[in-house]
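Work through the exercises below on charged side-chain pairs and their surroundings. Try each task before reading its solution.

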Amino acid sequence: MMALVERASGYEIALVASDKPEAAGIGWAREHGIATFVQSPKGMLKGDYEAAIDRALRDAGVQIIALAGYMRLLSDDFVARWRGKIINIHPSLLPKYKGLDTHARAIDAGDAVAGCSVHVVTEELDGGEVLGQAEVPILPGDTPDTLAARVLEAEHRLYPRVLAEFCAR
């Protein structure tokens, strides 16, 4: 999220939202004068929780949702309401390694490269159109953590550029 804000060109961040009140990015956004919305889903029905998020996004004038570190699955209904307007960053070279544990899976498979992908969010987990990718070599002795650190650097370069291109479409 911070990389999207710091490298914003061709788009404006209207709202930073989180399901974790203690998220470091929320405090950072507030310190930088960016509107925030925080709603914990605890004790709420998924539909009610997503309705609250939807209202906050629309009230803030959001036109495109760029997920960053959001680890909850969105319902088909939410995705349908924002069809074609939600993008996400995923730490693998999609369509390889959808879901979790991507770095360990790439290392265990003996892949020479890993990386990240920015994609359109659809009802299928990590299944939407891939808008951009960045490759990262898997080095001898890499662990999931060392690989993840290098992939994160690539994500910070890739995501702002692809978001700007997506907004310009």
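A residue is buried under 20% relative accessible area, exposed over 50%, and partly exposed in between (1.4 Å probe, protein chains only). This is a predicted model, in which local features need pLDDT of at least 70, side-chain atom pairs count only at pLDDT 80 or more, and totals for chains, interfaces and linings use all residues. Residues are numbered from 1 along each chain as its sequence is written, and side-chain values use heavy atoms, with hydrogens and water left out.

**Exercise 1.** Determine how R81 and D54 are paired, and whether each is buried or partly exposed.

Solution. Step 1: a salt bridge requires a side-chain nitrogen of Lys or Arg within 4 Å of a carboxyl oxygen of Asp or Glu. Step 2: the closest N and O atoms of R81 and D54 are 3.8 Å apart, and the two form a salt bridge. Step 3: R81 belongs to helix α4 (residues 76-81) and D54 to helix α3 (residues 46-59), so the bridge ties together parts 27 residues apart in sequence. Helices here are DSSP runs (H or I, at least four residues), and strands are runs of E, at least two, numbered from the N terminus. Step 4: R81 has 41% relative accessibility and is partly exposed, whereas D54, at 11%, is buried.

**Exercise 2.** Locate the partners E165 and R161.

Solution. Step 1: their side chains form a salt bridge (3.1 Å, N to O). Step 2: both sit in helix α6 (residues 144-168), four residues apart, about one turn of the helix. Step 3: E165 is partly exposed at 42%, as is R161 at 43%.

**Exercise 3.** How many salt bridges are there by this rule?

Solution. The count is ten. D19, K20 and R72 are linked in a network of salt bridges.
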